[in-house]
Amino acid sequence: MTDSPTPDLVGRSAAARDAALLARLDPSRPATLVRAPGRVNLIGEHTDYNQGFVLPAAIDLEVWIAAEPWDLPRVELTSLELGETCSFEFDNLGLASREAASWIDYVAGTAWAMREAGLPLRGFRGVLDSTIPVGSGLSSSAALEMASSWALAEPSAERPSPSRMAAIAQRGENAYVGVNCGIMDQFASAAGEAGHSLLIDCRVNEFRPAPIPSGLSIVVCDTGSPRRLSSSEYNTRRSECEEGVAVIAEREQGVTALRDVDAAMLARNRSRLREVVARRCQHIVEEDARVAATVTAMAAGDLAEVGRLFAASHASLRDLYEVSSPALDAMVEIAEGVPGVVASRMTGAGFGGCTVNLVRYGAEQALRERVMSEYPARMGLQPRVWIVAAVDGAGPMPPPAA
Ligand code: GLA
């Protein structure tokens with residue numbers, strides 16, 4: 001996908017965009033339009049696969065699919081951004097080893113996982129568009145999966161809850177596409193609530209909405225740096241966490257994930273851990289506590305405390321978990337020097353990608369201008385800045401007005 005929206009959709013209203021998508025299908029046949037948002041994580045990084053807590057928000061950078069159902073057990077989908085049509089058959093969804101993942105694999109993987117979960121599938125011919133930048137850590141893949149889950153669903157079948165559907169899509173991404181992600185991205189895209197972040201307990205896959213404090217905007221700054229090594233380093237972090245759990249569980253009752261470990265328990269066992277594993281575990285234990293503290297501080301309107309928690313999270317991801325990068329560190333430093341920026345940290349898996357910033361109303365443009373002028377000079381990279389809104393999770397859209 002490219003940085004800019006498809007040219008003929010630029011600057012149009014949402015209704016015009018919907019109409020433009022539907023116009024690419026056969027007007028004599030009924031078509032449905034579904035959308036799914038990307039996400040930004042406020043805090044709780046790398047905690048999801050440790051059965052801990054995360055605090056993401058679904059955002060108004062989104063994927064849309066206009067789908068014309070047909071009776072064939074087959075999907076044929078055209079990406080407007082890539083100008084590419086891909087297809088797959090429901091009868092041919094085996095787990096054969098695949099070459100590097102193509103965008104259609106995320107759709108096929110969702111179909112595969114839905115079928116494995118016993119959900120009936122419906123074939124369709126469709127058109128796909130997206131405003132979520134690919135490779136920036138804003139979960140374009142998870143959004144594509146969640147939009148696909150709606151487009152593929154047999155309308156007469158009972159739909160699983162958003163959290164269950166997220167788990168099904170995550171299974172597709174893990175087993176079919178071969179990406180070892182946690183559940184946060186699919187969950188946020190499926191269950192998002194306008195104006196809110198979601199406090200998700202990744203052990204039981206339950207959530208409660210936590211309002212974004214009034215008077216604050218969410219601003220996402222893209223470092224423009226590719227997320228190099230992200231999947232191999234991501235998998236290494238996961239196994240280091242598993243190693244920590246195995247060692248701690250030898251001496252401690254009831255420990256099956258880092259979620260079960262607190263600071264005192266970690267201190268008791270620290271000398272038995274490899275030094276690097278001890279640092280990884282410390283990040284997870286403290287980050288879980290920061291998520292709870294952030295929800296409390298947001299509810300109390302204690303923005304100074306939210307700022308401290310974001311800064312501590314970023315430092316921990318940089319120094320203990322080692323998933324930040326010079327570009328992410330520079331972006332956070334620049335933001336922290338802008339009056340009205342309340343909190344700033346890297347967001348997502350790391351190794352490049354974006355920062356998330358909570359910014360007082362009216363200070364958004366100052367942040368944008370500072371980033372646009374200082375960051376390229378400092379890093380030699382082209383940044384992008386989005387002022388985003390927290391929106392509802394994936395689902396069908398009403399037909400556009402004629
Ligand atoms: C990626 C993964 C998520 C989560 C984050 C780090 O976005 O897909 O499951 O692990 O990294 O918090």
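## Arg35 and its surroundings

The side chains of Arg35 and Glu62 are joined by a polar contact of 2.7 Å; such a contact is a pair of N or O atoms within 3.5 Å, where within protein one must be able to donate a hydrogen and the other to accept it, and residues adjacent in sequence count only if both atoms are side-chain atoms. This is a predicted model, in which local features need pLDDT of at least 70 and side-chain atom pairs count only at pLDDT 80 or more, while totals for chains, interfaces and linings use all residues. Residues are numbered from 1 along each chain as its sequence is written, and side-chain values use heavy atoms, with hydrogens and water left out.

Arg35 sits in strand E1. Its relative accessibility is 13%, so Arg35 counts as buried (under 20% relative accessible area, with exposed over 50% and partly exposed in between; 1.4 Å probe, protein chains only). A polar atom of the Arg35 side chain also lies 3.0 Å from the backbone oxygen of Gly393. Leaving aside neighbours within four places in sequence, the residues in contact with Arg35 include Val63, Trp64, Val391, Asp392 and Met397; contact means heavy atoms within 4.5 Å.

## Helix H1

Helix H1 covers residues 14-23, and Arg17, Asp18, Ala20 and Leu21 are buried in it. They lie on the same side of H1 because they cover an arc of only 160° around the axis, the arc being that of the directions from the helix axis to the C-beta atoms. Strand E1 (32-41), strand E3 (56-69) and strand E6 (124-130) are among what covers these buried residues.

Helices (H or I, at least four residues) and strands (E, at least two) are DSSP runs, numbered from the N terminus. The protein has 11 helices and 13 strands.

## Ligand site

The residues around the ligand include Arg39, Glu45, His46, Asp48, Tyr49 and Tyr234, each with a heavy atom within 4 Å of it. Oxygen atoms of the ligand lie 2.5 Å from a polar side-chain atom of Asp48, 2.6 Å from one of Tyr234 and 3.0 Å from an N or O atom in the side chain of Arg39. Taken alone, the ligand exposes 310 Å², and the protein buries 93% of that (Shrake-Rupley method, 1.4 Å probe; for residues, only the protein chains shown count as cover).

## Whole protein

The C-alpha trace spans about 65 × 50 × 40 Å along its principal axes. Of the 402 residues, 56% are buried. The accessible surface comes to about 16,100 Å², and carbon and sulfur atoms hold 51% of it.
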